[in-house]
Amino acid sequence: MNCHCGNPKPYTDCCQKAHHNIAEAKTAEQLMRSRYSAFVLANGDYLMATHHASTRPIKEKKAIVNWAKSVKWIKLEVLETSEGQENDTKGTVTFNAYFFENGKVDVIHEKSAFARENKHWYYLGHSK
């Protein structure tokens, strides 16, 4: 079975590696994909750990996890990446995350900003 993030590898060979060790997410896109898989699995600890400390919504963790569990995740579609490679310090990833909620399909469309600090990528939030 393909990983939740849409890669043809199994979860154990893909996002699970990052879920066990954030350093396994070598690029901004890999981190974004692993965060999508964390939403599918309602892994709030990973979502908080990979959210940059300056923007981390720690008080909203329970609500985020409850929402992630309440929807049926359909697929992730990566539309564009800018920078975000292993030696970059910043990057953006534009994506669509499709989910089923309240009897209809909905989509999160976001251009996300990422920062690399101490050899780890972190999600900053929506890119301006």
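Predicted model: local features only at pLDDT ≥ 70, side-chain atom pairs only at ≥ 80, totals over all residues.
Biologist: Which element gives the largest share of the largest nonpolar core?

Modeller: A nonpolar core is a set of buried Ala, Val, Leu, Ile, Met, Phe, Trp, Tyr and Cys residues joined through side-chain atoms within 4.5 Å; buried means under 20% relative accessible area, exposed over 50%, and partly exposed in between (1.4 Å probe, protein chains only). This core has 28 residues, and those touching the most other members are Cys-5, Leu-31, Met-32, Trp-73, Leu-76, Ala-97 and Phe-114. Two or more residues each come from α1 (15-20), α2 (28-41), α3 (44-49), α4 (61-70), β1 (72-83), β2 (90-101) and β4 (120-126), where helices (H or I, at least four residues) and strands (E, at least two) are DSSP runs numbered from the N terminus. The largest share, five residues, is that of α2.

Biologist: Which residues are in contact with Trp-73, leaving aside its neighbours within four places in sequence?

Modeller: Contact means heavy atoms within 4.5 Å. Trp-73 is among the core residues that touch the most other members. Beyond four places in sequence, its contacts are Tyr-36, Phe-39, Val-40, Trp-67, Ala-68, Ala-97, Tyr-98, Phe-99 and Ile-108.

Biologist: Which residue in the hairpin of β3 and β4 takes a positive phi?

Modeller: Two strands pair if DSSP finds at least two bridges between them. Strand β3 (residues 104-117) pairs with β4 in the antiparallel sense over six bridges, and Arg-116 has Trp-121 in β4 as its bridge partner. The hairpin has two residues between the strands, and the residue with a positive phi, near 50°, is Asn-118.

Biologist: How is the lining of the largest pocket divided by class?

Modeller: On a 1 Å grid over the protein atoms alone, a pocket is an open set of points where a 1.4 Å probe fits, with protein on both sides within 12 Å along at least five of seven lines; lining residues have an atom within 4 Å of a point. The largest pocket holds about 340 Å³, and of its 19 lining residues Arg-35, Phe-39, Phe-95, Glu-110 and Tyr-123 lie nearest its centre. The elements giving two or more residues to this lining are α2, α3, α4, β2, β3 and β4. With Ala, Val, Leu, Ile, Met, Phe, Trp, Tyr, Cys and Pro counted as nonpolar, Asp, Glu, Lys and Arg as charged, and the others, Gly among them, as polar, the lining has 14 nonpolar, three polar and two charged residues.

Biologist: How many charged residues are in the lining of the second largest pocket?

Modeller: The second largest pocket has a volume of about 220 Å³, and 13 residues line it, with Lys-9, Cys-14, Cys-15, Glu-24 and Gln-30 nearest its centre. Two or more lining residues each come from α1 and α2. By class there are four nonpolar and three polar residues, and the number of charged residues is six.

Biologist: Is Cys-14 buried or exposed?

Modeller: Cys-14 is found in the segment before α1. Leaving aside neighbours within four places in sequence, Cys-14 is in contact with Cys-3, Cys-5, Asn-7 and Lys-9. Because its relative accessibility is 13%, Cys-14 counts as buried.

Biologist: Why does Ala-28 count as buried?

Modeller: Ala-28 is placed in helix α2. Its contacts beyond four places in sequence are Gly-84, Val-93, Phe-114 and Trp-121. Ala-28 counts as buried because its relative accessibility is 1%.

Biologist: What is the relative accessibility of Thr-92?

Modeller: Thr-92 lies in strand β2. Leaving aside neighbours within four places in sequence, Thr-92 is in contact with Glu-80, Thr-81, Ser-82, Lys-111, Ser-112, Ala-113 and Ser-127. Thr-92 counts as buried, at a relative accessibility of 17%.

Biologist: Where is Ala-42 found, and what is its phi?

Modeller: Most residues other than glycine have a negative phi. Ala-42 counts as buried at 15% relative accessibility. Ala-42 is found in the loop between α2 and α3, and its phi is positive, near 55°.

Conventions
Residues numbered from 1 in each chain as written. Heavy atoms only, no water. Points joined across faces, edges and corners; volume = space filled by probe spheres on them.
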